[in-house]
Amino acid sequence: MGWFQNLFGGGRRRPSEVPVLPPAPTSADILASVDAVQAQIEGRVPPAVTARVNRIARTVDDMAPRLDRLGGGSAQAHTVVATATSYLPEAVGGYLRLPRDFADTRAVNRGKTSLMILCDQLDLLGVTLDKISDAVSRADAAALVAHGQFLAEKFQSSSIALAPDAGVGTAQPQAPGTLGGLERP
């Protein structure tokens with residue numbers, strides 16, 4: 001039987017195979033990837049690269065536990081994960097594969113050396129991650145403000161609300177086993 005018969009039902013059908021996708025990276029996987037890049041560059045790159053990689057690492061360290069706030073299918077969450085597990089390692093790896101003299105002194109694109117291009121890429125990744133981190137923090141701050149407004153509205157006219165001077169001049173409770181600050185006999 002040929003493919004034409006299989007296409008139109010004349011042949012046997014094979015059970016459709018469901019592709020098995022790898023699990024999504026965990027926070028530990030994301031942090032381990034960035035740690036590996038930091039270890040890989042140690043003593044091998046100029047301080048300008050180290051500073052940029054460390055900036056990205058700090059932001060990823062801050063963001064990894066908060067990725068759930070972005071939502072599973074979020075483009076922002078994907079950017080953080082991809083930066084840590086793909087974009088950063090690939091950019092740094094490409095630079096490290098080049099001989100140092102060539103990478104740091106020879107112009108390769110529009111008058112820029114490989115080192116300058118890497119710094120530009122790392123700056124772009126850093127700025128992008130900072131924007132995502134700021135957005136998550138602003139959302140968390142907005143939620144805190146909204147909750148405060150809810151509480152103010154909920155309890156401002158409540159029967160349990162206290163007057164501003166409530167409790168003034170009232171004896172304060174004493175710790176168990178004391179009488180007015182003195183020990184019981």
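H3 passes H4 with a left-handed crossing (left-handed: the near helix is turned anticlockwise from the far one by less than a right angle; right-handed: clockwise). That helix pair opens the exercises below. You're looking at a predicted model, where local features need pLDDT of at least 70, side-chain atom pairs count only at pLDDT 80 or more, and totals for chains, interfaces and linings use all residues. Residues are numbered from 1 along each chain as its sequence is written, and side-chain values use heavy atoms, with hydrogens and water left out.

**Exercise 1. The pair H3 and H4**

At what angle do H3 and H4 pack, and which residues meet?

Step 1. Start with what to look for: two packed helices are described by the angle between their axes and the distance between the axes.

Step 2. For H3 and H4 the angle is about 160 degrees, and the axes are 10 Å apart. (Axes are lines fitted to C-alpha atoms, for helices over the stretch in contact, and angles run from 0 to 180 degrees between N-to-C directions.)

Step 3. That makes H3 and H4 roughly antiparallel. (Under 35 degrees counts as roughly parallel, over 145 as roughly antiparallel, 65 to 115 as roughly perpendicular, and the rest as oblique.)

Step 4. Now the residues: H3 brings Val-53, Ile-56, Val-60 and Met-63, and H4 brings Val-80, Thr-83, Ala-84, Leu-88 and Val-92. (Contact means heavy atoms within 4.5 Å.)

Step 5. Sort them by class and you get 8 nonpolar, 1 polar and no charged residues. (Ala, Val, Leu, Ile, Met, Phe, Trp, Tyr, Cys and Pro count as nonpolar, Asp, Glu, Lys and Arg as charged, and the others, Gly among them, as polar.)

**Exercise 2. H2 and its two partners**

Is H2 roughly parallel or roughly antiparallel to H4, and which is it for H2 and H3?

Step 1. Take H4 (residues 75–96) first: H2 (residues 27–41) packs against H4 at about 15 degrees, with the axes 8 Å apart.

Step 2. H2 and H4 are therefore roughly parallel, and their crossing is left-handed.

Step 3. From H2, the contact uses Ile-30, Ser-33, Val-34, Val-37, Gln-40 and Ile-41; from H4, Val-81, Ala-84, Thr-85, Leu-88, Pro-89, Val-92 and Leu-96. That's 10 nonpolar, 3 polar and no charged residues.

Step 4. Turn to H3 (residues 47–63): the axes of H2 and H3 come within 10 Å and cross at roughly 165 degrees.

Step 5. So H2 and H3 are roughly antiparallel, again with a left-handed crossing.

Step 6. Here Ile-30, Leu-31, Val-34, Val-37, Gln-38 and Ile-41 of H2 meet Thr-50, Val-53, Asn-54, Ala-57, Val-60 and Asp-61 of H3. By class, this contact has 8 nonpolar, 3 polar and 1 charged residues.

**Exercise 3. The whole protein**

How many helices and strands are there, and in what pattern?

Step 1. Count 6 helices and 4 strands. (Helices, H or I with at least four residues, and strands, E with at least two, are DSSP runs numbered from the N terminus.)

Step 2. Along the sequence they read α-α-α-α-α-β-β-α-β-β.

Step 3. Finish with burial: 24% of the 185 residues count as buried.

Note on methods: Buried means under 20% relative accessible area, exposed over 50%, partly exposed in between (1.4 Å probe, protein chains only).
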